[in-house]
Amino acid sequence: MKRILAIALMLALSLAATLEAKEKITAKGSDTMIILSQKWAEKYMSSHSGTSIQVTGGGSGTGISALINGTTDICNASRPMKKGEIQKLKDRYGSKGVEIKCAKDGLTVYLNPSNSVSNLTMQQLKDIYTGKVTNWQQVGGKDAKIILYSRENNSGTYVFFKDHVLKGADYSAACQNLPGTAAVVNAVSKDPNGIGYGGEAYLKGVKACEVNGIAPSKSTIASGKYPLSRYLYMYVRTKPTGEMKKYIDWILSPEGQAIVESVGYFRVK
């Protein structure tokens with residue numbers, strides 16, 4: 001009996017040591033990238049049993065804060081880091097961090113399928129989201145109040161839209177800020193007078209509005225012709241090494257980039 005117990009204890013300790021020996025990588029941030037990041041992690045772990053990858057969302061701002069605070073290895077972001085954020089990283093770690101472009105996206109303007117409007121200019125989008133234009137009739141649609149849906153201010157998509165569409169102006173006070181892109185899509189799909197924005201990969205149950213007469217597509221986003229084309233990023237504190245480097249190299253490989261396309265985004269290479 002003692003021998004059996006001793007063997008069982010040895011096996012338990014061996015198993016615990018094996019679990020403890022797993023390489024752990026954490027990725028946190030952009031909700032736009034959450035599905036993509038989870039699929040990368042699942043696929044990589046299926047062929048790398050010694051690696052454990054944990055993925056969480058919360059928004060690009062949350063991910064960047066976690067990178068600065070040292071509570072995540074990888075920050076997923078749908079916008080570039082700001083100068084002030086890079087400075088905080090440098091002040092704490094002596095490094096400006098490493099930016100990795102891992103996918104391309106066309107920030108898409110969502111409309112309800114019943115909306116007769118199919119194209120808006122960048123100026124019209126700015127006027128709508130700053131509250132200057134409040135009725136669909138003002139942009140060629142029916143006589144109905146425009147209902148605005150947006151992301152929360154910790155979202156990289158929120159910041160990208162504010163920087164590139166609103167040109168730094170404030171969002172209208174009538175804007176309803178929602179916690180994720182899926183929530184924005186759901187709201188617009190149920191609201192005939194709604195408008196929202198988010199990643200191209202979430203385009204289900206809503207229609208994509210052309211911007212300046214150009215629809216988001218593989219060719220227009222890859223070429224940058226679509227006005228709201230953007231990169232999706234991963235940030236790490238220092239030059240990646242070891243398992244982290246292997247994982248990032250795999251993400252940028254043809255296999256990792258094929259997952260980018262399967263989710264609905266576009267390859268960077």
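Mentor: Please note at the outset that this is a predicted model. Let us start with strand 9 (residues 194–198).

Trainee: How many residues of strand 9 are buried?

Mentor: Strand 9 is largely enclosed by the rest of the structure. On one side lie Gly194, Gly196 and Gly198, and on the other Ile195 and Tyr197. Both faces are covered, so the number buried in strand 9 is 5 of the 5 residues.

Trainee: Turning to the open sheet of 5 strands, which are its edge strands?

Mentor: The order of the strands is 2-1-3-11-4, with mixed pairing. An edge strand here pairs on one side only. The edge strands are therefore, by the definition of pairing through at least two bridges, strand 2 (51–56) and strand 4 (98–106).

Trainee: By how many degrees are neighbouring strands of this sheet turned against each other on average?

Mentor: The value ignores the direction of the strands. On average, neighbouring strands of this sheet are turned against each other by 20 degrees.

Trainee: Over how many bridges do strand 4 and strand 11 pair?

Mentor: Strand 11 covers residues 229–236, and its pairing with strand 4 is antiparallel. Val98 stands opposite Val236 in strand 11, and Ile100 has Met234 as its bridge partner there. The number of bridges between strand 4 and strand 11 is 8.

Trainee: Which residue of strand 11 stands opposite Cys75?

Mentor: Strand 3 and strand 11 pair in the antiparallel sense over 3 bridges. Strand 11 is itself mostly covered, with 7 of its 8 residues buried. The residue of strand 11 opposite Cys75 is Tyr235.

Trainee: How are helix 2 and helix 9 oriented to each other?

Mentor: The axes of helix 2 (residues 34–47) and helix 9 (residues 242–251) come within 11 Å and cross at roughly 115 degrees. The crossing is right-handed. Helix 2 and helix 9 are therefore roughly perpendicular.

Trainee: How do the residues of the contact of helix 2 with helix 9 divide into nonpolar, polar and charged?

Mentor: From helix 2, Ser37, Trp40, Ala41, Lys43 and Tyr44 take part. They meet Glu243, Lys246, Tyr247, Trp250 and Ile251 in helix 9. The division is 6 nonpolar, 1 polar and 3 charged.

Trainee: Which elements do the buried residues of helix 3 pack against?

Mentor: Helix 3 (residues 60–69) is mostly covered, as 7 of its 10 residues are buried. These are Ser60, Gly61, Gly63, Ile64, Ala66, Leu67 and Ile68. They pack against strand 1, strand 3, helix 4 (83–93), helix 6 (156–164) and strand 11.

Trainee: What is the phi of Gly70?

Mentor: Gly70 follows helix 3. Its phi is positive, near 85 degrees.

Notes
Residues numbered from 1 in each chain as written. Predicted model: local features only at pLDDT ≥ 70, side-chain atom pairs only at ≥ 80, totals over all residues. Heavy atoms only, no water. Axes fitted to C-alpha atoms, helices over the stretch in contact; angles between N-to-C directions. Helix = DSSP H or I, 4+ residues; strand = E, 2+ residues; numbered from the N terminus. Parallel < 35°, antiparallel > 145°, perpendicular 65-115°, else oblique. Left-handed = near helix turned anticlockwise from the far one by under 90°. Contact = heavy atoms within 4.5 Å. Nonpolar A, V, L, I, M, F, W, Y, C, P; charged D, E, K, R; others polar. Buried < 20%, exposed > 50% of the residue type's maximum accessible area, 1.4 Å probe, protein only.
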